Amino acid sequence: MTVLQYFRDTYLFQDRAIVVAIRPHDDVEAAGKWAVVLDRTIFHPQGGGQPADRGQLRSCSSTVGDDGGAAADDAPSTSSSASASASASATIFDVVDVRKVDGAVLHIGTFRKGTEFKVQDEVCLDIDAEWRLNNARIHSAGHLLDTAMAKVGASLREQLVPGKGYHFPDSPYVEYQGKVDAAFRETLAAQLNEELRELISAATPVQTFNDLTLRAAQTLCGASEEPASVANEGGDGPADFRVVEISGTACMCGGTHVRNVSELVAVTVTKVQGKGKNTRVYYTVTAPVRGN
């Protein structure tokens, strides 16, 4: 089982790990892609409505330069030939997809330079920090929307219960169980936007709780009854659940999140749409202004 470092620190963009397995990736072997499994990872796999991280694995004797090539990251050498040799022998693996299968995180990609990694090799991990933070902001915005919905829900004839979320950059939304009359959808969007502005202006923290039993996770999420699976086990079960909470609204989640909703700058509901017996709420997240 791969240790998930991103559970504890969204802002950890570099790390080291040990290769525990490597093989051609089953589904795309003809395309030359490989799957690398590490003892731990900072790469978030696609899942829970969030896209996978992307970045690189590389032999730890090298770093990646501005031109995409490798340069020695050991102490500077007085010999230019020694530095050139280290660069030439470096292995760089571009991670283009990440999946989690039976507890193991598969880093899927291609070797850009150098020979393949070997089991027990130490590798350096570098993720695309901008991509990571953008995905974390979009995912946290979806949870903030749940908080806003819980606060304005009293005005609805039918309570909307969070269902699935789509936290990809192209058109993120949260789908709720329950319907909203078409005549009330614009009003609901306006109420949600007002609540979202207030939550962000209050700099509401995003709290994560790791290593929970199912019973503890369900309690934090407001379950009124003991889960059947816990009752059948006759105990609390393994402590490998995680809960994310914003202003009293909590749910189990395995995604990456910002520390505080102020990092979202602004979240805007753009459309409330009926989807069968459910309701989809689409939203956008304002990109932060970069410093000079």
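Predicted model: local features only at pLDDT ≥ 70, side-chain atom pairs only at ≥ 80, totals over all residues.
Which residues of α3 are buried? They are L188, A189, L192, N193, E195, L196, L199 and I200. An α-helix has 3.6 residues a turn, so residues three or four places apart point the same way. That spacing can be picked out in the list, which includes L188, L192, L196 and I200. As for partners, the buried residues of α3 pack against α2 (129-152), β16 (267-275) and β17 (278-285). L192 gives a closer look at this packing. Leaving aside neighbours within four places in sequence, L192 is in contact with L145, A148, M149, V152, V269 and V281.

L192 turns up again in the largest nonpolar core, a set of 32 residues. Along with L144, L145 and L188, L192 is among those that touch the most other members. Several elements give two or more residues to this core: α2, β12 (173-177), α3, β14 (241-246), β16 and β17. The biggest share comes from α2, with 8 residues. There is also a second, separate core of 20 residues, and F7, V98, F117 and L125 are among its members. In soluble globular proteins, nonpolar side chains tend to be buried together.

F117 leads on to the aromatic side chains. The structure holds 8 aromatic pairs. One of them joins F111 and F117 edge-to-face, at 5.3 Å centre to centre and with 65° between the planes. Both of these rings belong to a cluster in which ring pairs link W34, F93, F111 and F117. Are the two partners buried or exposed? F111 counts as buried because its relative accessibility is 19%, under the 20% cut-off. F117, at 5% relative accessibility, counts as buried too.

R112 is partly exposed, with a relative accessible area of 40%. Its side chain is joined to that of D94 by a polar contact of 3.0 Å. R112 and T91 are 21 residues apart in sequence, yet their C-alpha atoms are 7.6 Å apart in space.

Two charged side chains sit over aromatic rings. The charged end of R242 is over the ring of F7, 4.5 Å from its centre. K271 lies over the face of Y282, with 4.8 Å to the ring centre.

Q50 has its place in the loop between β4 (40-41) and β5 (55-59). Despite being a loop residue, Q50 counts as buried, at 1% relative accessibility. The side chain of Q50 makes a polar contact of 2.6 Å with the side chain of H139. Not counting residues up to four places away in sequence, Q50 touches H44, P45, N135, H139, H167, F168, G255 and T256. Q218, by contrast, is found in helix α4 (residues 214-220) and is partly exposed, with a relative accessible area of 22%. Q218 and F241 are 23 residues apart in sequence, and 9.5 Å separates them in space, C-alpha to C-alpha.

Key. Residues numbered from 1 in each chain as written. Heavy atoms only, no water. Buried < 20%, exposed > 50% of the residue type's maximum accessible area, 1.4 Å probe, protein only. Polar contact = N/O pair within 3.5 Å; in protein donor to acceptor, adjacent residues only side chain to side chain. Phe/Tyr/Trp six-rings, centres within 6.5 Å; stacked < 30°, edge-to-face > 60°. Lys NZ or Arg CZ within 6 Å of the ring centre and 35° of its normal. Helix = DSSP H or I, 4+ residues; strand = E, 2+ residues; numbered from the N terminus. Contact = heavy atoms within 4.5 Å. Core = buried A, V, L, I, M, F, W, Y, C linked by side-chain atoms within 4.5 Å.
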